[in-house]
Amino acid sequence: MRLVMDFYELVSGKTPSISCTLLEDSLNSHRLAFAADEAMESGKVVLF
């Protein structure tokens with residue numbers, strides 16, 4: 001439910017909670033997780 005409240009506060013012009021992250025940070029963490037999965041499956045180092 002916190003995610004919904006953070007979104008609502010953001011689009012309402014209010015300051016979201018401290019747990020709200022920047023889109024760039026979220027995308028980088030997802031890229032890292034996908035690279036880790038690929039590396040685990042292939043047994044090779046994956047750069048991103």
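Let's start with Leu10: at 49% relative accessibility, this residue counts as partly exposed. For that label, buried means under 20% relative accessible area, exposed means over 50%, and partly exposed is in between, with a 1.4 Å probe and protein chains only. Leu10 belongs to helix α1. When I say helix, I mean a DSSP run of H or I with at least four residues, while a strand is a run of E with at least two, and both are numbered from the N terminus.

Before I go on, a word on what you're looking at. This is a predicted model, where local features need pLDDT of at least 70 and side-chain atom pairs count only at pLDDT 80 or more, though totals for chains, interfaces and linings use all residues. Residues are numbered from 1 along each chain as its sequence is written, and side-chain values use heavy atoms, with hydrogens and water left out.

Okay, the whole chain. How many helices and strands does the protein chain have? There are 2 helices and 0 strands. Along the principal axes, the C-alpha atoms fill a box of roughly 45 × 20 × 15 Å. Of the 48 residues, 6% are buried.

Back to helix α1, which covers residues 2-11. Asp6 sits in that helix. So is Asp6 buried or exposed? Asp6 is buried, because its relative accessible area is 5%. And who does Asp6 touch, if we skip residues up to four places away in sequence? The answer is Pro16, Ser17, Ser19 and Cys20. Contact here means heavy atoms within 4.5 Å.

Glu9 is also a residue of helix α1. With a relative accessible area of 17%, Glu9 is buried. Leaving out neighbours within four places in sequence, Glu9 is in contact with Arg2, Lys14, Thr15, Pro16 and Ser17.

Now helix α2. This one runs over residues 23-42, so 20 residues, because that is how the DSSP runs come out. From first C-alpha to last, helix α2 reaches 28 Å, close to the 28 Å expected at 1.5 Å a residue. That expected span is 1.5 Å times one less than the number of residues.

His30 is in helix α2, and at 47% relative accessible area this residue is partly exposed. Compare the two distances for His30 and Pro16: they are 14 residues apart in sequence and 21 Å apart in space, C-alpha to C-alpha.

What happens just after α2? Gly43 takes a positive phi of about 75° there. Further on, in the segment after α2, we find Val46. Val46 has 22% relative accessibility, which makes it partly exposed. Not counting residues up to four places away in sequence, Val46 touches Ala35, Glu38 and Ala39.
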